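This report describes one protein model for a reader new to it. Please look over the sequence and the structure before reading on.

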Amino acid sequence: VLDAIDELGLEGETVVLFMSDNGGLSTSEGHPTSNLPLRAGKGWLYEGGIREPMIIKWPGHTVPGSVIDVPVISTDFYPTMLEMAGLPLDRSQHADGVSLVPLLKRSGTLERDALYWHYPHYGNQGGFPASAVRMGRYKLIESFEHERLQLFDLENDIGEQDDLADENPDKVREMYELLQRWRREVDAKLPTPNP
């Protein structure tokens, strides 16, 4: 793709955004790909399912080879592209996303306290209906099937092996309230029990 853009003489005016839509397969039937040290894969709200590689090339604005370690989400693409094109942002069209331009230009940070995911169904990869919120180094996952909350410190446990929920009830309460409020704000549909 990059070669074709270059051959057409469009390299200086073309932005390229590349991101996987989910982590590699890590199914209940087997593990055709490995996401280690991340836990699980596609269809799961553990890091193996939601932490994907992303590359943004914006000639004249991004520094080639630079790395940004701020967590972002795919809903950030639309407001980012609008700002890159010099078009006005419209919160009614991109309620969940924020522009990544301040990060890309190294001119500021993102105006966001948390990231949210909602996966209210079963998938053929073995994942369960759940919601999650990430706030800084912590991620809380609510499993609807198991009726449980899990808390992970991603800074010290990227593989999400050590559930800290019982040890940190205040952090669990704070993050669960955020998650519930976000679901109400976006009118998230919740699963009904399967009899």
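Is Phe128 buried or exposed? Phe128 is buried, with a relative accessible area of 10%. Here buried means under 20% relative accessible area, exposed means over 50%, and partly exposed lies in between (1.4 Å probe, protein chains only).

## Basis of the report

This is a predicted model, in which local features need pLDDT of at least 70 and side-chain atom pairs count only at pLDDT 80 or more, while totals for chains, interfaces and linings use all residues. Residues are numbered from 1 along each chain as its sequence is written, and side-chain values use heavy atoms, with hydrogens and water left out.

## Overall layout

The protein has five helices and six strands. Their order from the N terminus is α-β-α-β-α-α-β-β-β-β-α. Helices (H or I, at least four residues) and strands (E, at least two) are DSSP runs, numbered from the N terminus. Taken along the principal axes, the box filled by the C-alpha atoms is roughly 60 × 35 × 35 Å.

The protein has 195 residues, and 40% of them count as buried. Its accessible surface comes to about 11900 Å², with 52% belonging to carbon and sulfur atoms; the areas come from the Shrake-Rupley method with a 1.4 Å probe. Contact means heavy atoms within 4.5 Å. Among contacts between residues at least 6 apart in sequence, 48% join residues at least 24 apart.

## Nonpolar cores

A nonpolar core is a set of buried Ala, Val, Leu, Ile, Met, Phe, Trp, Tyr and Cys residues joined through side-chain atoms within 4.5 Å. The largest one holds 15 residues, and Leu45, Tyr46, Trp117 and Ile141 touch the most other members. Strand 3 (115-119) and strand 4 (130-135) are the elements that give two or more residues to this core. Strand 3 gives the most, with three residues. Apart from this core lies another, of 14 residues, including Met135, Leu164, Ala165 and Leu178.

## The aromatic cluster

The structure holds five aromatic pairs. Rings of Phe, Tyr and Trp (its six-membered ring) pair if their centres lie within 6.5 Å; planes under 30 degrees apart count as stacked, over 60 as edge-to-face and the rest as tilted. The rings of Trp44 and Phe128 are edge-to-face, because their planes stand at 90°, with the centres 5.7 Å apart. Trp44 lies in the loop between strand 1 (16-19) and helix 2 (47-50), and Phe128 in the loop between strand 3 and strand 4, so the pair ties together parts that are 84 residues apart in sequence. Trp44 counts as buried, at 19% relative accessibility.

Phe128 also pairs with Tyr46: the ring centres are 6.2 Å apart and the planes are at 80°, so this pair is edge-to-face. Tyr46 is buried, with a relative accessible area of 3%. Leaving aside neighbours within four places in sequence, Tyr46 is in contact with residues including Arg39, Ala40, Phe128, Ile141, Phe152 and Glu160. Trp44, Tyr46, Phe128 and Phe152 form one aromatic cluster.

## Backbone features

Which peptide bond is cis, with omega near 10°? The bond from Leu36 to Pro37 is, and Pro37 is placed in the loop between strand 1 and helix 2. Ala40 is placed in the loop between strand 1 and helix 2. Phi of Ala40 is near 65°, a positive value in a residue other than glycine, and Ala40 is buried, with a relative accessible area of 18%.

Glu160, in the loop between strand 6 (148-153) and helix 5, is not a glycine but has a positive phi of about 50°. The relative accessible area of Glu160 is 0%, so Glu160 is buried.

Helix 3 (residues 77-84) has Phe77, Pro79, Thr80, Leu82 and Met84 as its buried residues. These residues pack against strand 1, strand 2 (54-57) and helix 4 (101-104). Just after helix 3, Gly86 takes a positive phi of about 75°.

Arg183 is found in helix 5 (residues 169-185). Arg183 counts as buried, at 9% relative accessibility. Beyond its neighbours within four places in sequence, Arg183 is in contact with His118, Ser131, Glu142, Phe144, Tyr176, Ala188 and Leu190.
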